[in-house]
Amino acid sequence: MSANSHDWIPIANARDVPERSTRKFVANIDGNEEECFLVHYEGRFYAYVNRCCHVPITLDWVENRFFTADGRYLQCATQGARYLPDTGECVAGPPCGKFLRRLDVAVVDGVVYARASQTETDQTHPTGGVYG
Ligand code: FES
């Protein structure tokens, strides 16, 4: 990835997003401005569109609070669906088995970048994140 590629957007310095924390940002997805969020989980970074797979609303009620109290899942505040932080798969709740829409993530010179995924719309085979 070239940091100069126009479709990659800088999200944050990796060191400013601690383990099991998130950072919201806006990205152009299929021509629409979408709220998204960056996830730092077990040393890797992931990014998803902030939209529940059950009802298309944002996951966080409290601004930028996505993780469950135990830090194991991303949770929809509306009806409690729980998603795996590293794949975006829903493992509990109404949309069980569905995946959050993932963005590509890259870390270059300590800066985390994201862009709309160039390779998939149906995420039945998500790949891992990027080390920070
Ligand atoms: S809106 Fe997220 S679980 Fe129903």
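**Rings, cores and cysteines**

Modeller: Start with Tyr 41: at a relative accessible area of 11%, this residue is buried, because the cut-off for burial is under 20%. Keep in mind that the model is predicted.

Now the rings. Searching the whole structure gives 3 aromatic pairs. One of them joins Phe 37 and Tyr 48. Phe 37 belongs to strand β3, residues 32–41, and Tyr 48 to strand β4, residues 44–49. The two are 11 residues apart in sequence, so the pair ties those parts together. Phe 37 and Tyr 48 are both buried. Tyr 41 has a ring partner too, Phe 67. Here the centres are 6.3 Å apart and the planes lie at 25 degrees, so this pair is stacked; the cut-off for stacking is under 30 degrees. Distant parts of the chain are linked again: Tyr 41 sits in strand β3, while Phe 67 sits in the loop between β4 and β5, 26 residues away. Phe 67 is buried, with a relative accessible area of 14%. Ring pairs also bring Phe 37, Tyr 48 and Phe 66 together as a cluster.

Next, the nonpolar cores. The largest has 17 residues. Phe 25, Leu 38, Phe 45, Ala 47 and Leu 103 make the most contacts inside it. The elements giving two or more residues to this core are β1, β2 (21–29), β3, β4, β8 (102–108) and β9 (111–116). Another core, of 16 residues, lies apart from it; Cys 52, Phe 66, Ala 81 and Tyr 83 are among its members. Phe 66 is therefore a member of the ring cluster and of this other core. In soluble globular proteins, nonpolar side chains tend to be buried together.

Look at Leu 38 in detail. Beyond its neighbours within four places in sequence, Leu 38 touches several residues, including Ile 11, Val 17, Phe 25, Phe 45, Ala 47 and Val 112.

Ile 11 is found in strand β1, residues 9–13. Its relative accessible area is 14%, so Ile 11 is buried. With neighbours within four places in sequence set aside, its contacts are Arg 23, Phe 25, Leu 38, Val 112, Tyr 113 and Ala 114. Take Val 112: 101 residues separate it from Ile 11 in sequence, yet the C-alpha atoms are 5.6 Å apart in space.

A separate element of the fold is an open sheet of 3 strands, in the order β5-β6-β7, with antiparallel pairing. Its edge strands are β5 and β7 (90–92), each pairing on one side only. β5 pairs with β6, residues 82–83, over 2 bridges in the antiparallel sense. Gln 75 stands opposite Arg 82 of β6.

Last, the cysteines. The whole structure holds 0 disulfides. Cys 90 shows why: its closest cysteine sulfur is that of Cys 96, 5.1 Å away, too far for a bond, given the limit of 2.5 Å. Cys 90 is buried at a relative accessible area of 1%. Cys 36 is buried as well, at 0%.

Key: Residues are numbered from 1 along each chain as its sequence is written. This is a predicted model: local features need pLDDT of at least 70, side-chain atom pairs count only at pLDDT 80 or more; totals for chains, interfaces and linings use all residues. Side-chain values use heavy atoms; hydrogens and water are left out. Helices (H or I, at least four residues) and strands (E, at least two) are DSSP runs, numbered from the N terminus. Buried means under 20% relative accessible area, exposed over 50%, partly exposed in between (1.4 Å probe, protein chains only). Contact means heavy atoms within 4.5 Å. Rings of Phe, Tyr and Trp (its six-membered ring) pair if their centres lie within 6.5 Å; planes under 30 degrees apart count as stacked, over 60 as edge-to-face and the rest as tilted. Two strands pair if DSSP finds at least two bridges between them. A nonpolar core is a set of buried Ala, Val, Leu, Ile, Met, Phe, Trp, Tyr and Cys residues joined through side-chain atoms within 4.5 Å.
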